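The following note sets out several points on the model under review.

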Amino acid sequence: MTYKSSGRLIAAPAQAVFDKLSNLEGLKNIIANIPDSAVPDDKRELLDGVKVTADSISFPAGPVGEITLQVCERVAPTLIRLEGVGTPVALSMSLEIAILSEASCEACVAIDIDIPKMMAPMIGGTIQKMADQFADVLEKLNYD
């Protein structure tokens, strides 16, 4: 099943967005600079458990343990695709960037997950919310 955010307008060139996001180590600074007031106390430990390399991001995922997403495809400046490594089900997340002009683009997040259809009503809303939240973050980042 695929869960996709709506497009978010980004006032930056597609190449600048791609460059900033294609090396995941840039996320370390973003995570480190999230104010304590923006993270509920019960979620701070989860945020502190995020591990980032240039090509992967790992984060605690409750009962399933740790989830690792590794970059498996980069197509400048329109696509960054990450795939789950050792996840209980097949999982991938794509950042799709559409060029609108020299100074702006539109980004959306798509999460593909191989879950049984009967599970979709129970967890589909949560996965859609994750896709939307990732897209919201992309819209707020500084790409200069």
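This is a predicted model: local features need pLDDT of at least 70, side-chain atom pairs count only at pLDDT 80 or more; totals for chains, interfaces and linings use all residues.

1. S22 belongs to helix α1, which spans residues 14-22; helices (H or I, at least four residues) and strands (E, at least two) are DSSP runs numbered from the N terminus. S22 is classed as buried because its relative accessible area is 11%, where buried means under 20%, exposed over 50% and partly exposed in between (1.4 Å probe, protein chains only). Neighbours within four places in sequence aside, S22 is in contact with A54, R74 and I80, contact being heavy atoms within 4.5 Å.

2. Residues are numbered from 1 along each chain as its sequence is written, and side-chain values use heavy atoms, with hydrogens and water left out.

3. R74, one of the contacts of S22, also forms a salt bridge with D55 through their side chains (2.6 Å, N to O). This pair links distant parts of the chain, 19 residues apart: R74 is in strand β5, and D55 is in the loop between β3 (51-52) and β4 (56-60). R74 counts as partly exposed because its relative accessibility is 39%, and D55 likewise counts as partly exposed, at 33%. A salt bridge is here a side-chain nitrogen of Lys or Arg within 4 Å of a carboxyl oxygen of Asp or Glu; by this rule the count comes to five.

4. Another salt bridge joins the side chains of E96 and K4 (2.9 Å, N to O). E96 lies in strand β7 and K4 in strand β1 (residues 2-4), so the pair ties together parts that are 92 residues apart in sequence. E96 is partly exposed at 26% relative accessibility, and K4 is partly exposed with a relative accessible area of 44%.

5. The side chains of R8 and D136 also meet in a salt bridge (2.7 Å, N to O). Here the linked parts are 128 residues apart, with R8 in strand β2 (residues 8-10) and D136 in helix α4 (residues 120-140). R8 counts as buried, since its relative accessibility is 11%, whereas D136 is partly exposed at 28%.

6. Which residues have the most contacts inside the largest nonpolar core? They are I10, V17, L21, L82, L138 and Y143, in a core of 32 residues. At least two residues of this core come from each of α1, β5, β6, β7, β8 (104-113) and α4. A nonpolar core is a set of buried Ala, Val, Leu, Ile, Met, Phe, Trp, Tyr and Cys residues joined through side-chain atoms within 4.5 Å. V17 touches I10, A12, I97, C105 and Y143, not counting residues up to four places away in sequence.

7. L100 is placed in strand β7 (residues 91-101) and counts as partly exposed because its relative accessibility is 48%. Apart from neighbours within four places in sequence, L100 is in contact with L9, C105 and E106. The C-alpha atoms of L100 and D112 are separated by 25 Å, the two residues being twelve apart along the chain.

8. The backbone contains a cis peptide bond between A76 and P77, with omega about -10°. P77 lies in the loop between β5 (66-75) and β6 (79-85).
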